[in-house]
Amino acid sequence: MLDHARTNTVNARPPTLATRHIVYLIVSAAAPLSAMAGTVPLAFAFGNGAGVPAVFVLTGLVLLCFSASYAVIARRTGGQGGFYSAAAEGLGRPMGVISGYVAVCAYNLAAIGLLGAFGYFTSLVLADQGVHLSWWVCAAVGTVIVGWLGYRDIGAGARTVAAMLSGEIAILLALDIAVAVRDGVPSALPAASFAPHEMFDHGFGVSIMFAAISFIGFESAALYGREARDPRRSVVRATYIAVVLITAFYAFTSWVAVGALGAGNVRREAGRQLGDLFFTLADTYLGPIAGTAMEIMLCLSLFAATLALHSAANRYMQTLADDRLLPTPLAASHPRHSSPHRAGLVQTALNAVAVAGFALAGLDPYTGMTTTMLGLGTLGIVALQAVAALSVLGLARRSATVPWQRLAASVLGFAGLAAAFWLGVDNFALMSGS
């Protein structure tokens, strides 16, 4: 049994996170606006076009199966340790150790990738307003603010991402409503998106891959068990709520986008506009001011996602240090904020080195830093999700306490996640541009 209650990590204050706070953190990690503006156009253009909304629903069902199996482990581990504890509980300590190291690498890589995107897009948005700053300056400022919030009480980070999350969801819902009002509900929500011939059209596997990228971070609820008021219940609830919310939002908003563009035109238009697609729709249906607001909200969305993944990476580092798999000083919690402040400082330093390295090398922050780092991080996290689903099968071999429904969900979740991982590897050049 893994020990996460050593004296050097005992919280100095009572746990403060309720279920809603954990939901804010994990939905922010998925970055809804970033997924819509950055990932969905690629799925439209290179995937199955009008069938993308159905792919989001299918991916959400697979992740619900994963969540049902993950809940078995979370209740046994007290909602702590994430993939590290899940793999160790079901597959033994060696697999747990491997999973823990992979998780530290994957979450750090994903956070670095998002930081590059934040610097890149913030620089572009500021330039549109007449303020010219290099991407690395914006990324450096983001690094400092993320590090400062990560150093403090997790409640402060949760409130920050909640405010940003509300803004990005509000602007996308406003676009959805505007399309439905102007074009009519039947046109805004075309039945063709869920027709089998559209869903399984060529590019189906590519869309699955991009959908998996869009959900990254939803599983991180199990990292906040130390700071949750009722970890055995709130961690499981937050995971389920996050999957349902993300699935419904992604499927609905991408469905409305298909309606606005036309099912027969969506592939061509997305290929022509790519990252400008949703901003063009906002200009068309909500006006230029809304388009500018969406650009600003995209930067905030990327910041919130970076902060959420930064928090997740810190807690993995702290957990491994707690079990002496990383230097033990990293296991310390701040005496006042109860945050993994030393692990946070190390990750902030890693972010700063990455930004400086890419800037000095003259590499493009988006195609050189974001796509590659985020692509590698995504593959690692999807692989860990598959291992976590598999761990329930390992647990069932040793114990008869796993209900057959959870066991069936684990098999389905593992099959779907293993397929998503294979598709990610097979299409890595498309996913990362590298």
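This is a short tour of the model, stop by stop, with what to select and what you'll find there.

Before you click, note that this is a predicted model, where local features need pLDDT of at least 70, side-chain atom pairs count only at pLDDT 80 or more, and totals for chains, interfaces and linings use all residues. Residues are numbered from 1 along each chain as its sequence is written, and side-chain values use heavy atoms, with hydrogens and water left out.

**Stop 1: helix H5 and a greasy patch**

Select residues 93–128, which make up helix H5. Helices here are DSSP runs (H or I, at least four residues; strands are E, at least two), numbered from the N terminus.

Zoom in on Val 102, which sits in H5. Val 102 is partly exposed because its relative accessibility is 34%. The cut-offs: buried is under 20% relative accessible area, exposed is over 50%, and partly exposed is in between (1.4 Å probe, protein chains only).

Step along to Ala 103, also in H5. With 0% relative accessibility, Ala 103 counts as buried. Show Phe 83 as well: Ala 103 and Phe 83 are 20 residues apart in sequence, and their C-alpha atoms are 7.2 Å apart in space.

**Stop 2: aromatic pairs**

Start with Tyr 107 and Tyr 316, a tilted pair because their planes are at 35 degrees, with ring centres 5.3 Å apart. Tyr 107 is in H5 and Tyr 316 is in helix H14 (residues 288–322), so you're looking at a link between distant parts of the chain, 209 residues apart. Tyr 107 is buried at 0% relative accessibility, and Tyr 316 is buried too, at 1%.

Next, pick Phe 194 and Trp 255, an edge-to-face pair with 4.9 Å centre to centre and 75 degrees between the planes. Phe 194 lies in the loop between helix H8 (185–188) and helix H9 (196–199), while Trp 255 belongs to helix H11 (residues 231–261), so the pair ties together parts 61 residues apart in sequence. Phe 194 is partly exposed, at 36% relative accessible area.

Then select Phe 56, Phe 215 and Tyr 250, which form one aromatic cluster.

**Stop 3: helix H6**

Which residues of H6 are buried? Trp 135, Cys 138, Ala 139, Gly 142, Thr 143, Val 146, Gly 147, Leu 149 and Gly 150. They cover an arc of only 165 degrees around the axis, which puts them on the same side of H6. The arc is taken from the directions from the helix axis to the C-beta atoms.

**Stop 4: helix H12 and its salt bridge**

Select residues 266–273, helix H12. The structure holds one salt bridge, and here you find Arg 272 paired with Glu 269, the closest N and O atoms being 2.7 Å apart. The rule is a side-chain nitrogen of Lys or Arg within 4 Å of a carboxyl oxygen of Asp or Glu. Both partners lie in H12, three residues apart, or about one turn of the helix. Arg 272 is exposed at 60% relative accessibility, whereas Glu 269 is buried at 16%.

Color the buried residues of H12: Val 266, Glu 269, Ala 270 and Gln 273. They fall within an arc of 100 degrees seen down the axis, so they line one face of the helix. Arg 268 and Arg 272 are exposed on the other side. Just after H12, check Leu 274, which takes a positive phi of about 45 degrees.

**Last stop: Arg 324**

Finish in the loop between H14 and helix H15 (341–361), where you'll find Arg 324. Its phi is near 60 degrees, a positive value in a residue other than glycine. At 58% relative accessibility, Arg 324 counts as exposed.

Technical notes
Phe/Tyr/Trp six-rings, centres within 6.5 Å; stacked < 30°, edge-to-face > 60°.
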